[in-house]
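User: I'd like to go through this model with you, a bit at a time. Can you take my questions as they come?
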There are 2 protein chains.
Amino acid sequence: MATLKDIGAELGLSAATVSRALNGFPEVNIKTRDKVRETAERLGYRPNRVAQRLVTGRSGMVGMIIKIRADMSADQTFFEMLTGLTAALGARDVDLVLAVDQDDDPVLPYRKLMERDILDGFILNAPVPDDPRVAFLREKGIPFVMHGQTAPDVDYACYGIDNAAVSEDAVKLLASLGHKRIALLNGQLRYAYAVDRRRGFRDAVDAEGLVVPDAFVAANAETEMDAYKTALSMLSGRDGARPTAMICASTLIAAGVIRAAKDRGLRVPDDLSVMAHDDALPLMRAVSFDPALTVTRAPLRDACVPLANLLIDLVGGAPAEQKIDRAELIVRASTGPVPKEEQDPWPLT
Amino acid sequence: MATLKDIGAELGLSAATVSRALNGFPEVNIKTRDKVRETAERLGYRPNRVAQRLVTGRSGMVGMIIKIRADMSADQTFFEMLTGLTAALGARDVDLVLAVDQDDDPVLPYRKLMERDILDGFILNAPVPDDPRVAFLREKGIPFVMHGQTAPDVDYACYGIDNAAVSEDAVKLLASLGHKRIALLNGQLRYAYAVDRRRGFRDAVDAEGLVVPDAFVAANAETEMDAYKTALSMLSGRDGARPTAMICASTLIAAGVIRAAKDRGLRVPDDLSVMAHDDALPLMRAVSFDPALTVTRAPLRDACVPLANLLIDLVGGAPAEQKIDRAELIVRASTGPVPKEEQDPWPLT
DNA sequence: ATCACTAATTAAAACGTTTTGAATTTTGAA
DNA sequence: TTCAAAATTCAAAACGTTTTAATTAGTGAT
């Protein structure tokens with residue numbers, strides 16, 4: 001393997017100049033810079049990352065802890081994050097070290113990984129309100145970036161989408177189509193995103209002058225089967241007039257909802273409008289739904305780039321930055337005007 | 001962070017002696033060794049892994065490529081491997097770098113990871129016959145260890161179980177219970193393990209003087225739903241007298257089979273004996289089945305320890321070793337004697 | 001010519017460990 | 001005592017990079 005010294009010897013230069021030339025420092029003569037780069041190319045030079053890391057004092061590795069839940073619904077989402085993160089981190093020569101969390105204590109795996117290893121920082125996901133991991137890492141002074149955020153205003157580095165706005169956009173669209181009875185099939189409320197979505201939903205519903213009984217705001221939907229059952233129940237009319245529109249936490253949930261609608265003999269969107277938030281998982285494509293699904297869209301994989309960059313910059317000394325994007329609203333075929341005969345709102349309780 | 005020099009300064013020793021003391025070299029005085037160790041402990045010394053790696057010329061990282069299949073059945077198995085491997089590698093201070101394979105070319109991700117990174121070696125899984133990854137890595141001289149093997153006799157490092165014996169043990173047990181009609185619900189034959197299981201099955205069946213028509217040797221079972229459908233079909237009697245025993249590729253498959261038996265009104269084990277190979281996935285526990293499942297058992301997580309050690313030793317210059325264990329046969333409640341009225345074998349074709 | 005200043009390059013130190021070869025101390029026998 | 005051998009320890013080199021401080025060469029103005 002060629003080293004800086006080899007390249008220097010080839011050209012009668014010192015390793016220092018070669019290093020600077022390759023790293024694009026301004027004080028090196030442009031002619032020597034080009035010669036150096038050409039020679040490096042020719043010798044197939046690749047910097048020794050371990051040596052770089054030794055001198056810079058950073059390990060070039062960041063950690064991520066995967067929590068395996070008993071219901072095991074991590075799968076798809078996890079692979080998507082893994083794909084995106086390894087690519088985004090790799091583009092800046094950083095490696096991802098994974099560990100699996102099987103304990104009850106949410107901070108223990110971070111502590112263990114930190115003392116066994118030399119990690120520059122962590123990527124956290126699935127924030128919960130008052131996340132204990134945040135308190136721990138902050139106290140230890142360990143850099144981290146959160147995918148999402150534990151509360152609307154935080155001062156640690158994070159990237160995510162505005163989950164209140166996700167609900168708001170959905171409600172506004174449906175209200176503009178005349179819907180008065182809009183249900184929400186939310187994720188579990190122990191996660192911050194679900195809390196935000198519910199808040200956005202409630203606020204937007206209020207702003208439209210509508211009412212949604214608690215029975216039509218579900219928060220137990222993790223699997224398609226959960227969603228199917230919940231939707232069946234909501235559409236039965238048992239808890240009040242059936243909704244004319246349903247907002248789903250994910251495309252997986254929407255799949256269950258659509259199946260339930262079919263089994264109840266309801267057409268989408270003629271009898272029921274369905275929309276969902278879309279993480280753009282490759283095996284659950286919203287455009288492939290029948291009918292194609294109206295969504296708020298924010299590809300999970302895209303989120304990995306800002307996450308990686310935020311963390312790497314943070315490790316490099318940059319200030320902690322919060323970046324919140326707004327999901328894109330894409331109207332497709334699963335939403336339509338409210339049926340003429342179903343325009344009555346739910347009564348005030 | 002305390003360094004070797006700090007410890008040396010504290011005791012009036014050189015860094016060299018401290019290094020040797022901590023690494024247990026025989027030429028260091030036992031009294032100084034203890035003093036050094038005590039001081040290291042007191043100062044909270046942890047060796048700088050990057051510096052170690054620079055001088056030893058190894059990166060201390062091994063890679064693993066995860067193939068995401070379109071049917072996405074990797075999930076559980078993958079998490080189990082990840083858990084076991086990070087633990088087993090971590091015990092020897094080696095990190096696992098993951099990458100995701102989304103391409104058609106099976107060797108491309110290895111090539112890419114190799115040129116972007118400095119990896120000491122790879123862990124391969126899910127071998128297929130004539131695996132192109134083996135050819136590539138061998139040609140490049142990159143150390144690797146295979147979980148399983150591409151063929152019965154290979155000369156690269158590998159660890160796995162004897163899959164022919166898995167089938168053999170199952171057939172022998174069932175034959176000893178008087179079963180004459182034994183079906184196999186195998187994994188996909190593009191994987192080497194499924195080929196081995198089928199061979200072992202055929203050989204054992206022959207040795208017992210039995211016959212199994214092709215219709216009762218399935219190789220399409222990946223999901224529980226697949227298994228359910230296949231089992232329903234086999235138990236229908238459409239392709240010949242229904243089997244009195246079924247050997248399943250995994251506990252997941254067995255779950256589908258048992259459900260199918262129930263739906264056909266067959267009792268396990270009174271009307272149908274069911275057994276499976278058990279990777280000991282925590283969310284699919286054979287003992288929790290109703291009835292508790294008779295299995296050949298080889299915990300996936302246990303395999304990670306020899307895999308990690310084999311690879312690390314290989315990187316350290318040890319010869320490539322092949323290690324094949326035999327799965328444990330555990331007889332539980334899902335197997336029983338053949339029903340009196342179902343003792344006829346399948347006819348010779 | 002001299003000086004000051006800029007541009008370009010280099011030598012050397014640093015990162016923290018392992019390892020080589022040499023130096024010192026201790027031990028045991030004569 | 002003295003000497004050789006064995007047991008310890010040490011100084012220095014090495015790994016390959018980045019960075020600091022110093023040096024050389026080049027430029028233009030006086």
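User: Which residues come nearest to DNA strand D?
Analyst: In this predicted model, 26 residues lie around DNA strand D, and the ones that come nearest are A:T3, A:A16, A:S19, B:A16 and B:N29.

User: And which elements give two or more residues to that surface?
Analyst: From chain A they are α1 (4–11), α2 (15–22) and α4 (49–56), and these are joined by α2 (15–22) and α4 of chain B. The largest share comes from α4(A), which supplies 5 residues.

User: What is the surface near DNA strand D like by class?
Analyst: The surface near DNA strand D has 12 nonpolar and 11 polar residues, together with 3 charged ones.

User: Switching to the protein chains, how many residues are in contact between A and B?
Analyst: On the chain B side there are 27 residues, in contact with 26 residues of chain A. Several elements of chain B, namely α4 (49–56), α5 (75–90) and β2 (95–101), each supply at least two residues of the side that touches chain A, and the largest share, 7 residues, comes from α5(B).

User: What about the classes on that side?
Analyst: The side of chain B that touches chain A is made up of 15 nonpolar, 6 polar and 6 charged residues.

User: Now the sheet in chain B: what's the strand order?
Analyst: The order is β7-β6-β8-β9-β10-β12 in an open sheet of 6 strands with mixed pairing, where β7 (217–218) and β12 (328–330) of chain B are the edge strands, each pairing on one side only.

User: Do β8 and β9 run parallel or antiparallel?
Analyst: Strands β8 (residues 245–248) and β9 (residues 273–278) of chain B run parallel and are joined by 4 bridges; B:I247, for instance, has B:M275 in β9(B) as its bridge partner.

How values were computed: Residues are numbered from 1 along each chain as its sequence is written. Chains are lettered from A and ligands numbered from 1 in the order in which they are written. This is a predicted model: local features need pLDDT of at least 70, side-chain atom pairs count only at pLDDT 80 or more; totals for chains, interfaces and linings use all residues. Two strands pair if DSSP finds at least two bridges between them. Two residues are in contact if their C-beta atoms, placed from the backbone, lie within 7 Å. Ala, Val, Leu, Ile, Met, Phe, Trp, Tyr, Cys and Pro count as nonpolar, Asp, Glu, Lys and Arg as charged, and the others, Gly among them, as polar. A residue is near a molecule or strand if its C-beta atom, placed from the backbone, lies within 6 Å of it.
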